[in-house]
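Student: Could you show me how to read a protein model, one feature at a time?
Tutor: Gladly; have a look at the model first.

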Amino acid sequence: MPKQRQPKLEFETSVIIGKGLTAMSQGVENWGRRDCFTQLEDYLYSPERDRVCLIFGLRRTGKTTMLRQAIGRMTKEDLARSAYLKARRTDTMAMVNRDLKKLFDAGFQYVFIDEVTLMKDFIDSAALFSDVFAAMGMKVVLSGTDSLGFWLAMDQELYDRAKPIHTTFIPYREYSRLLGIDSIDEYIRYGGTLRAGETAFDDADANAQDASFRDDESTRRYIDTAICKNIQHSLACYEAGGHFRHLYSLYEAGELTSAINRIIEDMNHRFLISVLTEDFTSHDLRLTAANLRKERDLQKRTDVLDTIDAEAVTRRLMELLDIRNREEQSIGITQAHINEIKEYLTALELIVDCPIETADPDTKPVEHILFTQPGMRYCQAQALVHVLMKDETFASHSEWEKTQVTERILEEVRGRMMEDIVLLETMKAADKHHRVFKLQFAAGEFDMVIYDEKENSCEIFEIKHSGRQAPEQYRHLVDEEKCRQTERRFGSIQGRFVLYRGEGTQLENGVTYWNVEDYLKSLPELDMTYTQEPDIQPIEPVM
């Protein structure tokens with residue numbers, strides 16, 4: 001007897017099965033996979049029931065690519081039991097429910113639903129996926145760009161019934177592996193999204209042109225579409241808009257997106273102010289002035305930093321940065337607005353607070369905001385610096401001299417950002433027994449301290465955006481009084497390191513120079529081993 005054909009399934013939403021899945025997975029088979037990809041496959045092929053898998057993060061961080069790669073790696077048997085659903089704004093949970101019932105009755109076991117947060121009733125009805133279909137044995141993977149929506153759903157409808165996979169944070173080691181980039185400066189300029197690598201993995205020029213943070217306009221567009229509208233859409237859909245709290249007045253006035261933008265810019269302004277203020281009054285500026293004065297390259301040699309009124313320049317720059325166009329706002333931004341927006345930016349994994357400690361145990365830590373997308377911060381800082389350098393203070397100098405000053409300040413910005421990157425990535429790699437922080441003294445600081453609470457010992461670090469070695473770089477590391485204060489609070493010092501862009505080496509005074517790119521690539525392992533030349537004894541900071 002001829003085999004009976006199964007009746008063709010009719011769906012209300014956009015569902016892809018069969019050959020369409022094979023076609024969809026083509027084109028990504030040779031792309032690198034995110035570090036978190038194994039978490040997705042662990043979920044798909046585990047025996048557990050009752051839980052759904054959530055893949056969420058900001059735009060251009062590889063969510064849809066992960067779904068396509070998972071489908072492409074399936075066996076023929078599993079592929080025949082898989083379906084991909086691309087949600088649309090016009091879809092409803094009722095429509096998805098009916099389609100999932102048809103798929104379940106037809107024997108489908110794996111369902112991937114992309115852009116699920118586009119549906120207005122997703123957050124308030126998300127339990128349908130875990131309590132019904134996952135409980136019946138289906139593996140349901142949900143993905144979407146409104147990651148705040150997932151965060152809200154996990155707090156309510158999907159509480160304790162979801163396996164979350166976060167994609168927003170892309171550390172240097174992963175960025176380097178996926179895009180074939182081995183330069184910390186490239187990561188500072190463009191890091192944070194994988195937009196650069198979606199079409200041309202091996203073409204650095206194409207990557208730069210296609211980067212999300214290529215220029216100020218592209219950065220503002222990303223902040224507006226990927227961050228601001230993410231927050232606004234999720235809050236509008238959650239509890240029928242009843243969760244806006246203090247932000248409701250801004251939302252009603254159509255100023256919520258603008259307010260979020262201004263707060264992000266304000267954090268970057270304060271970051272730039274700290275760079276400018278500290279550099280215009282510190283030993284580093286005098287060192288920079290001396291270096292520019294005696295520069296071997298005649299074309300780069302200049303004494304412009306010897307002639308500026310540093311105090312007056314700093315004051316004018318800070319005045320310019322504090323402009324907020326308040327006259328354009330019908331509703332003022334209060335501290336309550338700021339606190340709630342920062343809470344949501346933290347939930348989106350865009351910012352992380354890494355408090356600065358002091359040698360005095362009675363002093364409260366100081367807030368220190370780190371951005372997980374360095375390209376966004378650098379591009380905004382770069383745009384601000386170029387605007388600031390057009391200030392009349394510099395009008396009397398030649399264009400060449402102004403360019404030298406601009407580049408020097410941007411170099412300081414890159415240096416400060418490299419500190420933040422190392423601090424953030426080390427903090428995320430550390431286990432529960434280790435604390436990672438910046439340590440400040442009455443004068444000077446250690447850029448990073450790793451404190452082992454179990455062993456009551458620590459390692460101290462200086463981080464320098466330089467390829468050369470100089471005694472000024474490690475002067476704090478060998479300062480007896482600073483080390484004494486540190487050991488009094490954080491135990492014995494087990495290692496002193498300078499992270500920089502040159503080759504690794506160990507000095508006779510016990511200070512070790514470690515290439516920053518090598519250091520960042522070593523971070524996935526919590527027992528980090530610093531490897532040097534065979535005739536030099538290795539140093540092992542155990543984290």
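The dialogue below goes from confidence to overall build, then to strands, a sheet and a helix.

Student: What is the mean pLDDT of the protein?
Tutor: pLDDT is the predictor's confidence in each residue, from 0 to 100. This is a predicted model, in which local features need pLDDT of at least 70 and side-chain atom pairs count only at pLDDT 80 or more, while totals for chains, interfaces and linings use all residues. Residues are numbered from 1 along each chain as its sequence is written, and side-chain values use heavy atoms, with hydrogens and water left out. Here the mean pLDDT is 83, and 81% of the residues reach 70 or more.

Student: How many helices and strands does the protein have?
Tutor: There are 22 helices and 15 strands. Of the 543 residues, 52% are buried, where buried means under 20% relative accessible area, exposed over 50% and partly exposed in between (1.4 Å probe, protein chains only). Among contacts between residues at least 6 apart in sequence, 73% join residues at least 24 apart.

Student: Where do the side chains of a strand point?
Tutor: In a regular strand the side chains alternate between the two faces of the sheet. Take strand β5 (residues 139-144): K139, V141 and S143 point one way, V140, L142 and G144 the other way, and all are buried. Six of its six residues are buried, so β5 is largely enclosed by the rest of the structure.

Student: Which strands does β5 pair with?
Tutor: Strands of a sheet pair through backbone hydrogen bonds, either parallel or antiparallel. Two strands count as paired if DSSP finds at least two bridges between them. Strand β2 (residues 52-56) runs parallel to β5, joined by four bridges, and I55 stands opposite S143. β4 also pairs with β5 in the parallel sense over four bridges; there, I113 has L142 as its bridge partner.

Student: What is the strand order in the open sheet of seven strands?
Tutor: The order is β8-β10-β11-β12-β13-β15-β14, with mixed pairing. β8 (357-358) and β14 (505-506) stand at the edges with a single partner strand each, so one side of each is left without a neighbour in the sheet.

Student: What span does helix α20 reach?
Tutor: The expected span of a helix is 1.5 Å times one less than its number of residues. Helix α20 (residues 399-429) has 31 residues and reaches 44 Å from its first C-alpha to its last, close to the expected 45 Å. Of those 31 residues, 23 are buried, so α20 is largely enclosed by the rest of the structure.

Definitions and conventions. Helix = DSSP H or I, 4+ residues; strand = E, 2+ residues; numbered from the N terminus. Contact = heavy atoms within 4.5 Å.
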